[in-house]
Amino acid sequence: MRVRVCVFVLCAAFFYHAVNANSFMTVERVATGMNTLMSVSAEMPKRTAGNVLDGAFLILSELEGAFSRYRADSDVSRVNAASGKEYVKVGRDTWAILEASLSLADAAGGYFDPTVGPLTDLWRISAAGDWTPPSDEQISAALELVGYRKISLVSPDMTRLNLEGAALDLGAIAKGYAGDRVAAYLKERGARSALLDFGGDVTLFGTRKTFFKAVPWRIGVRHPSPAEAGRESIVCALSFLLSRGEVLSFVTSGSYERFRRYREKKLSHVFDPHTGLPVDTNLVSVSVADPSPARADAFATAFLAMGEPRAREILGRFPVTEAVFVYLEDGKAKVSATEGLRGKIRLMDKSATLEIF
């Protein structure tokens with residue numbers, strides 16, 4: 001449902017000197033999944049590294065098979081097909097992601113909503129060919145089908161959508177949930193540190209080292225207007241020094257990459273679930289840093305849809321969550337970041353401004 005390739009990971013390579021057969025090594029694999037590139041790089045015991053990577057990508061494949069709206073046999077497709085009719089038995093991961101989605105939707109005041117499927121289908125922002133925006137009447141009809149409270153869960157594995165025509169779309173949380181699952185799996189299998197990049201949803205854990213010295217992980221946020229004269233492609237960079245076992249996710253949601261132009265107007269693929277309309281403000285991206293990849297994923301979308309003032313209220317209730325708001329005004333970037341990022345964020349564009357709140 002939203003742009004993912006908005007974050008570059010800088011200086012992401014690991015360097016480690018193997019000492020013996022039981023030493024650690026860095027392994028990396030990239031594959032396509034969830035409609036994007038999925039990259040896993042981890043510092044693992046040499047003897048098990050290959051098998052553990054196989055297991056990580058098996059998890060990703062299973063999650064895509066459960067969450068995809070485009071596979072008729074997926075849990076999500078079966079729940080959507082039975083909307084308004086009957087309960088559907090789903091797998092453990094589908095149950096868990098729906099339970100998390102309901103909690104996060106409530107925390108975000110409905111600006112993150114896993115039932116935006118009817119709006120996604122109505123607007124078809126990414127569709128090819130001739131296109132016209134939906135009418136007010138069509139938008140109103142789709143909005144009648146949207147609302148996370150239309151999801152019913154019956155423990156341990158039964159769920160339904162209570163209104164016929166309602167539809168799940170987990171695009172704003174699926175890759176975050178995948179980051180949770182794969183990070184936990186790698187830690188259980190002995191990984192000391194890892195970098196997961198699922199289409200711009202970045203999850204890090206552990207201490208990154210170069211020549212045995214701990215160094216920060218560095219993440220860059222893409223400039224919303226890199227084509228402007230003199231612009232760097234990165235508007236700001238952030239540094240995070242993690243302790244052993246510590247997990248941090250960094251997710252960016254932006255309105256400037258995936259959009260459709262209609263009569264000189266750019267229509268974003270990110271929707272406000274309350275109005276049914278694409279987000280249309282000078283707030284062009286929001287990045288969220290959080291120990292929970294699923295929460296970072298959901299909040300990045302929600303904060304972009306609701307805007308910074310409402311987001312600040314929510315951030316006040318989640319002290320471990322940090323955020324970066326990027327505005328584009330007259331071609332220049334304005335960056336606003338939470339207090340917890342002071343000393344960790346640095347502007348890369350000399351014409352940009354930075355406010356810490």
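Two strands count as paired here if DSSP finds at least two bridges between them. With that in hand, look at β5 and strand β6 (residues 158-161) in this predicted model: the two pair in the antiparallel sense over four bridges. If you want a spot to check, Ser152 stands opposite Arg160 in β6. Both strands belong to an open sheet of three strands, ordered β4-β6-β5, with antiparallel pairing. In that sheet β4 (88-89) and β5 (151-154) are the edge strands, and each has a single partner strand, so one side of each is left without a neighbour in the sheet. Helix α3 (residues 92-107) packs on this sheet, where it touches β5 and β6. The direction of α3 makes about 125° with that of β5.

Now for the nine-stranded sheet. It is open too, and its strands come in the order β2-β3-β7-β8-β13-β18-β19-β20-β22, with mixed pairing. Here the edges are β2 (24-33) and β22 (353-356); each has a single partner strand, so one side of each lacks a neighbour in the sheet. From one strand to the next, the twist averages 15°. Phe198 stands opposite Asp201 in β8.

On the α7 side the contact is made by Phe299, Phe303 and Met306, and on the α8 side by Arg310, Ala311, Ile314 and Leu315. Sorted by class, this contact has six nonpolar, no polar and one charged residues.

Two of those phenylalanines turn up again in the core. The largest nonpolar core has 75 residues, and the ones that touch the most other members are Phe112, Leu186, Phe299, Phe303 and Phe325. Which residues does Phe303 touch, not counting residues up to four places away in sequence? They are Leu283, Val286, Val288, Ala311, Ile314, Leu315, Ala323 and Phe325. Of these, Ala311, Ile314 and Leu315 are α8 residues from the helix contact. There is also a second, separate core of 23 residues, which includes Leu204, Trp217, Ile219 and Val326.

Last stop: strand β12 (residues 234-240). Six of its seven residues are buried, so β12 is largely enclosed by the rest of the structure. What does β12 pair with? Strand β11 (residues 217-222) pairs with β12 in the antiparallel sense over six bridges, and Arg222 has Ile234 of β12 as its bridge partner. β12 also runs antiparallel to strand β21 (residues 345-347), with three bridges joining the two. In that pairing, Leu238 stands opposite Ile345 in β21.

Technical notes:
Residues are numbered from 1 along each chain as its sequence is written. This is a predicted model: local features need pLDDT of at least 70, side-chain atom pairs count only at pLDDT 80 or more; totals for chains, interfaces and linings use all residues. Side-chain values use heavy atoms; hydrogens and water are left out. Contact means heavy atoms within 4.5 Å. Ala, Val, Leu, Ile, Met, Phe, Trp, Tyr, Cys and Pro count as nonpolar, Asp, Glu, Lys and Arg as charged, and the others, Gly among them, as polar. Buried means under 20% relative accessible area, exposed over 50%, partly exposed in between (1.4 Å probe, protein chains only). Axes are lines fitted to C-alpha atoms, for helices over the stretch in contact, and angles run from 0 to 180 degrees between N-to-C directions. A nonpolar core is a set of buried Ala, Val, Leu, Ile, Met, Phe, Trp, Tyr and Cys residues joined through side-chain atoms within 4.5 Å.
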